[in-house]
Amino acid sequence: MNARSRFTQSLALASLLLAGAASADPEFNVDFRPAENGQTRVLLSYLADNAVTALDFTVHLDVPDAFSADVSKCLGSLPKSHTGLCRLDGKSLHGVIYSPENRALPDANLGSVLVAPGSLAKSGGQLGVSGVDITTVTANGQTVNANVRVQGQAIPPGK
Amino acid sequence: MRITRHHLYAGAVLMLAAGVKAAPACSLDGWSRVAGAQMLSTGSPANGHRRYQGECGMHVSLDGAASGYVEDKSPSGETEYMARFYLFTGDAQLGPGDWVDVFTAYRGETSPVPELTVRLTGGADGANLRLRAANGASTAVGAPVAVAPGWHGIALSWQRATSVNNGRVEWSVDDAGQDALGGLDNRSHAIDLARLGAVSRQGGSGGLDFDAFDSHRSSPAELLLAGDANADKLVNAADLVSVIREYNGGALTPGQPDCNGDGTVDRADMDCIAHAIIGW
């Protein structure tokens, strides 16, 4: 029972599809997008398999130690059937999503993390993902495989 | 109530009935002896009992006789003894001067002499747990530990002296620090018997609940991972689903679903587990 998918490629390669999109496995997406005022938005989204009701994840960020970000809306777009918590701990973004009624998590934009240009400047423009751990669980408590995709990249300041 | 069978001191008290939905058949038959049986009962949440781990727990009423406990005679001249149990204090009413000895390990069987005693004491500011060990006279091990109403995990480790006055005892409550007392004069002592419940008491009313007793001769008897509802020694989304299923009428979880230790499995435990997962 392999419940945990781990993505270990550098961000430079991350736009590649990492695991079979044609499969029925659920998919967890991390997408870097340029945002207003030079910020970078890290979008989190999910493609459902109609079986998973809860998941937890850790996104390992490839950033220097001084990194900071606004995670207040990290899971701010969850469907009403689900609740979640998110926390940035150094270079690791931890999250958990569940349904108190044990309902399947549908396709959803989960939320986003906003990285200010000042934070990127401190990191010399470096912002990427070194790995993602995810546990996806069905309504009957079984863990199932999930695919992970990382797309886009941060725009270093001044470039 | 579960006692781990594969360790030294054993006695199964959980016998599962056939069928997933059936209430489990809980029993105290695995213990060597039950004293004050009218004060004791065992069962699952399906019949109003509290449990910390698995499906069954043991309830001890404080409204009846002076004592009621289960006894484990499987220790025999032990020179090292490690034990763990969980105690629910939320239904006990203990005023100042009231106390209950909830666990005692003894040397000797026919005329047992207390070697280690865990006492729950009432007070104006709430209850305390304290440990005393035989060291010539009975001696306190560390300071009393204040305990809020709820489940509390207690772990003990006792070692007989191998030379003059180098015996040692350690204990912790809820993994929050550890108190120890060294230099014990107990070279001729041993553990031969253990009792769990209201072993002895003065005053008090209501009741206490016990679960997850485990004891060893050498390896530590460790506390259980709170929130590990599916008993896989991890806390992750699978534990959330296990608790959600139980809360919504599904099967009782095999692990420790009562993450916040308040005696019930509900949405607050889901939130507790979610916080544990993200380390918050």
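**View 1. Chain A, the overall fold.** Of the contacts in chain A between residues with a separation of 6 or more, 76% link residues 24 or more positions apart; two residues count as in contact if their C-beta atoms, placed from the backbone, lie within 7 Å. This is a predicted model, where local features need pLDDT of at least 70 and side-chain atom pairs count only at pLDDT 80 or more, while totals for chains, interfaces and linings use all residues. Residues are numbered from 1 along each chain as its sequence is written, with chains lettered from A and ligands numbered from 1 in the order in which they are written. Chain A has one helix and ten strands, and along the sequence they go β-β-β-β-β-β-β-α-β-β-β. Helices (H or I, at least four residues) and strands (E, at least two) are DSSP runs, numbered from the N terminus. Buried residues come to 40% of the 159 residues here. Buried stands for 20 or more other C-beta atoms within 10 Å of a residue's own, exposed for 12 or fewer, and partly exposed for anything in between, with C-beta atoms placed from the backbone.

**View 2. The open sheet of chain A.** Four strands line up as β7-β3-β2-β10 in chain A, with mixed pairing; a pair needs at least two bridges between the strands, as found by DSSP. At the edges sit β7 (108-115) and β10, each pairing on one side only. From one strand to the next, the twist averages 15 degrees. Angles here run from 0 to 180 degrees between N-to-C directions, and axes are lines fitted to C-alpha atoms, for helices over the stretch in contact.

**View 3. A:D31, with a partner on either strand.** Strand β2 (residues 27-34) of chain A runs parallel to β10(A), joined by five bridges, and antiparallel to strand β3 (residues 40-47), joined by eight bridges. Zoom in on A:D31: its bridge partner in β10(A) is A:Q151, and its bridge partner in β3(A) is A:L43. As for strand β10 (residues 147-151) of chain A, four of its five residues are buried, so the strand is largely enclosed by the rest of the structure.

**View 4. Where chain A meets chain B.** Each chain puts 18 residues into this contact. On the chain A side, β4 (52-62), β5 (83-89), β6 (92-98) and β8 (128-138) each supply at least two residues. That side has seven nonpolar, seven polar and four charged residues. The classes work like this: Ala, Val, Leu, Ile, Met, Phe, Trp, Tyr, Cys and Pro are nonpolar, Asp, Glu, Lys and Arg are charged, and the others, Gly among them, are polar.

**View 5. The two domains of chain B.** Chain B splits into domain 1 (14-216) and domain 2 (237-277), with bounds that come from an automatic or database domain assignment. Taken over C-alpha atoms, the centres of the two domains of chain B are 25 Å apart. Their contact uses twelve residues from domain 1 and nine residues from domain 2. The domain 1 side is made up of five nonpolar, five polar and two charged residues.

**View 6. The helix pair of chain B.** Helix α1 (residues 237-247) and helix α2 (residues 267-277) of chain B pack at about 180 degrees, with axes 10 Å apart. That makes α1(B) roughly antiparallel to α2(B), a label for angles over 145 degrees. From α1(B), the contact takes B:D239, B:L240, B:V243 and B:I244, and from α2(B) it takes B:D269, B:M270, B:I273 and B:A274. By class, that's six nonpolar, no polar and two charged residues. The buried residues of α2(B) are B:D269, B:M270, B:C272, B:I273, B:A274 and B:I277. They pack against β4, β5 and β6 of chain A, along with α1 of chain B. Just past α2(B), B:G279 has a positive phi of about 70 degrees.

**View 7. The seven-stranded sheet of chain B.** This open sheet is antiparallel and goes β3-β6-β16-β9-β10-β11-β12. β3 (33-35) and β12 (137-147) of chain B are the edge strands, each with a single partner, so one side of each lacks a neighbour in the sheet. Strand to strand, the twist averages 20 degrees. Inside the sheet, strand β10 (residues 113-121) and strand β11 (residues 127-135) of chain B pair antiparallel over six bridges, and B:V118 has B:L131 as its bridge partner in β11(B).

View 8. B:A146 lies in strand β12 of chain B and counts as exposed, with 12 C-beta neighbours inside 10 Å. Leaving out residues up to four places away in sequence, B:A146 touches B:G126 and B:N128.

Terms used
Angles under 35 degrees count as roughly parallel, over 145 as roughly antiparallel, 65 to 115 as roughly perpendicular and the rest as oblique.
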